[in-house]
Amino acid sequence: MIIARKHVTALFAAGALTAALAGCASGTPAATGSSPAAASASASPSLSGTATVFAAASLKSTFTKLASDFEAKNPGTKITLNFAGSSDLVTQISQGAPADVFASADTKNMTKLTDAKLIDGALVNFATNVLEIAVPPSNPASISSFADLAKPGVKVVVCAPQVPCGAATATVEKATGTTLAPVSEESSVTDVLGKVTSGEADAGLVYVTDVKTAGDKVKGIPFPESDQAVNTYPIATVGTSKNKELAAAFIATVTGAEGKQVLSDAGFGAP
């Protein structure tokens with residue numbers, strides 16, 4: 001009798017364990033379906049369509065690479081890029097130009113759009129940049145410092161005051177007590193660089209990233225006073241965007257690990 005009772009007890013325990021396991025199994029699908037990963041996957045359809053990105057001229061090389069990589073990783077998407085001076089881009093967006101993303105070379109121009117309520121959501125600072133003197137490889141005017149740019153006869157080219165690189169130039173002039181007499185003021189930093197590479201100018205004030213991108217076409221001359229005007233770059237979704245999901249995804253790429261690496265490689269600083 002004792003042996004039989006042991007068998008009954010064992011069978012009862014085995015049955016209870018089987019029922020418990022069955023109960024756990026039946027609950028598994030519901031738990032998986034409510035997990036954050038599954039919920040995120042079901043709530044985020046595949047990205048598609050086109051997003052137009054308005055970006056400061058100094059971002060041309062980095063954003064061209066990031067856009068190409070983004071499209072490769074997200075088949076069915078297209079990132080259209082429009083580069084110009086930040087102030088010109090603000091004017092275009094304010095006048096109704098179709099843009100999904102705006103990346104400015106300074107906070108001042110971004111603020112113009114936020115004040116006009118043309119930006120959707122929060123903006124994100126993603127990079128910094130400083131000025132550097134660009135001269136032809138032979139450095140015909142023997143430029144070695146910021147003060148040298150003010151010497152008589154030196155043909156120097158700068159950005160217009162409303163452009164971020166121009167505003168930074170004015171800040172350095174004020175901080176150093178140096179007054180420049182530029183032969184021209186350009187609407188974008190790439191236009192300034194073009195004047196130098198074409199031999200039309202002895203020197204130009206551009207960003208350190210532009211000098212790096214130009215390679216052996218110019219010689220870069222850093223100057224310590226540049227730290228008086230560090231430009232911070234913000235990025236945000238434009239309020240009138242027709243593809244805000246794609247816009248947000250591209251912004252996430254720019255501000256994420258991949259974007260940080262590409263920007264760093266190009267000479268940009270961290271925000």
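Reader: What are the ground rules for the values?

Author: This is a predicted model, in which local features need pLDDT of at least 70 and side-chain atom pairs count only at pLDDT 80 or more, while totals for chains, interfaces and linings use all residues. Residues are numbered from 1 along each chain as its sequence is written, and side-chain values use heavy atoms, with hydrogens and water left out.

Reader: How many helices and strands does the protein chain have, and what makes a run count as one?

Author: There are 10 helices and 10 strands.

Reader: Which residues of α5 are called buried, and why do they line one face?

Author: Helix α5 spans residues 107-115, and Asn109, Met110 and Leu113 are buried in it. Seen down the axis of α5, these buried residues fall within an arc of 100 degrees, so they line one face of the helix. The arc is that of the directions from the helix axis to the C-beta atoms. As for the term, buried means under 20% relative accessible area, exposed over 50%, and partly exposed in between, with a 1.4 Å probe and protein chains only. Lys108 and Asp115 are exposed residues on the face of α5 turned away from the buried side.

Reader: What do the buried residues of α5 pack against?

Author: They pack against α4 (86-94), β3 (101-103), β4 (119-129), α6 (164-176) and β10 (231-238). Contact means heavy atoms within 4.5 Å.

Reader: Why is α4 called roughly parallel to α5?

Author: The two axes come within 9 Å and cross at roughly 10 degrees. That makes α4 roughly parallel to α5. Angles under 35 degrees count as roughly parallel, over 145 as roughly antiparallel, 65 to 115 as roughly perpendicular, and the rest as oblique. Axes here are lines fitted to C-alpha atoms, for helices over the stretch in contact, with angles from 0 to 180 degrees between N-to-C directions.

Reader: Which residues make the contact of α4 with α5?

Author: From α4 come Ser86, Ser87, Val90, Ile93 and Ser94, which meet Asn109, Lys112 and Leu113 of α5. The residues of this contact divide into three nonpolar, four polar and one charged.

Reader: Why does Ala84 count as buried?

Author: Its relative accessibility is 16%, so Ala84 counts as buried. Ala84 is found in strand β2, residues 77-84. Leaving aside residues up to four places away in sequence, Ala84 touches Ala55, Ala56, Ala57 and Leu89.

Reader: What makes Ala170 partly exposed?

Author: Ala170 has a relative accessible area of 39%, and is therefore partly exposed. This residue is found in helix α6. Ala170 is 11 residues from Cys159 in sequence and 9.7 Å from Cys159 in space, C-alpha to C-alpha.

Reader: Asn139 and Ser142 lie in the loop between β5 and β6; why is each called buried or exposed?

Author: Asn139 stands at 12% relative accessibility, so Asn139 counts as buried. Ser142 stands at 51%, so Ser142 counts as exposed. Neither is a glycine, yet Asn139 has a positive phi of about 45 degrees and Ser142 one of about 50 degrees.

Reader: What share of the protein chain is buried?

Author: Buried residues make up 42% of the 271 residues.

Key: Helices (H or I, at least four residues) and strands (E, at least two) are DSSP runs, numbered from the N terminus. Ala, Val, Leu, Ile, Met, Phe, Trp, Tyr, Cys and Pro count as nonpolar, Asp, Glu, Lys and Arg as charged, and the others, Gly among them, as polar.
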